[in-house]
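Here's a quick tour of one model, from its charged pairs to its pocket and core. Have the viewer open as you read.

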Amino acid sequence: MKAAARVVERLYQAFAEKDLAGVIAMLDPKVRWREADGYPYAGIYQGPEAVKAGVFDRIIGEWSSYTTVPSEIIEQGETVVGLGTYTGTYAATGKTFSCPFAHVFR
């Protein structure tokens with residue numbers, strides 16, 4: 001595994017360990033984070049604190065369980081793609097979901 005892919009692997013490990021401070025610390029100060037249209041937290045977040053407030057704090061506050069589990073990490077040049085599955089239980093309704101994801105890191 002190449003260096004950039006190892007960084008992404010460590011990011012997913014921090015997610016799995018629920019180490020929000022570790023996740024935020026790994027983000028570039030100029031990060032531009034895009035949540036897909038149609039996703040509950042859709043939008044573009046500039047900077048680690050915006051990502052934390054707009055995405056992660058909301059997930060923590062609204063979900064009784066939420067996982068991001070990668071099944072494959074692919075590195076090509078300066079781009080790394082993480083493929084996997086989100087799962088969770090929405091606290092307000094108790095409804096569960098499972099959804100595939102593709103994350104692109106540059």
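Is D37 buried or exposed? In this predicted model, D37 is exposed, because its relative accessible area is 63%, over the 50% cut-off. Its salt-bridge partner is R34, which is exposed as well, at 54%.

The salt bridges come to 2 in total. In the other one, D57 pairs with K52; here D57 is partly exposed at 31% relative accessibility, and K52 is partly exposed too, at 24%. Side by side:

| Salt bridge | N to O distance |
|---|---|
| R34 and D37 | 3.5 Å |
| D57 and K52 | 3.1 Å |

Now for the pocket. The largest one holds about 1400 Å³ of space and has 43 lining residues, with L11, F15, W33, F56 and F105 lying nearest its centre. The lining is made up of 28 nonpolar, 9 charged and 6 polar residues. Elements that each put at least two residues into that lining include the helices α1 (3-16), α2 (20-26) and α3 (48-62), and the strands β1 (32-35), β3 (63-76), β4 (79-90) and β5 (96-105) do likewise.

Some of those names come back in the largest nonpolar core. That core has 24 residues, and F15, W33, V51, F56 and I59 have the most contacts inside it. Two or more residues each come from α1, α2, α3, β3, β4 and β5, with α1 giving the largest share, 5 residues.

W33 is worth a click of its own. Beyond its neighbours within four places in sequence, W33 touches F15, L27, G43, I44, Y45, V51, V55 and F56.

Technical notes: Residues numbered from 1 in each chain as written. Predicted model: local features only at pLDDT ≥ 70, side-chain atom pairs only at ≥ 80, totals over all residues. Heavy atoms only, no water. 1 Å grid on protein atoms, 1.4 Å probe; cavity = no way out; pocket = protein on both sides within 12 Å on 5 of 7 lines; lining within 4 Å. Points joined across faces, edges and corners; volume = space filled by probe spheres on them. Helix = DSSP H or I, 4+ residues; strand = E, 2+ residues; numbered from the N terminus. Nonpolar A, V, L, I, M, F, W, Y, C, P; charged D, E, K, R; others polar. Core = buried A, V, L, I, M, F, W, Y, C linked by side-chain atoms within 4.5 Å. Buried < 20%, exposed > 50% of the residue type's maximum accessible area, 1.4 Å probe, protein only. Contact = heavy atoms within 4.5 Å. Salt bridge = Lys/Arg side-chain N within 4 Å of Asp/Glu carboxyl O.
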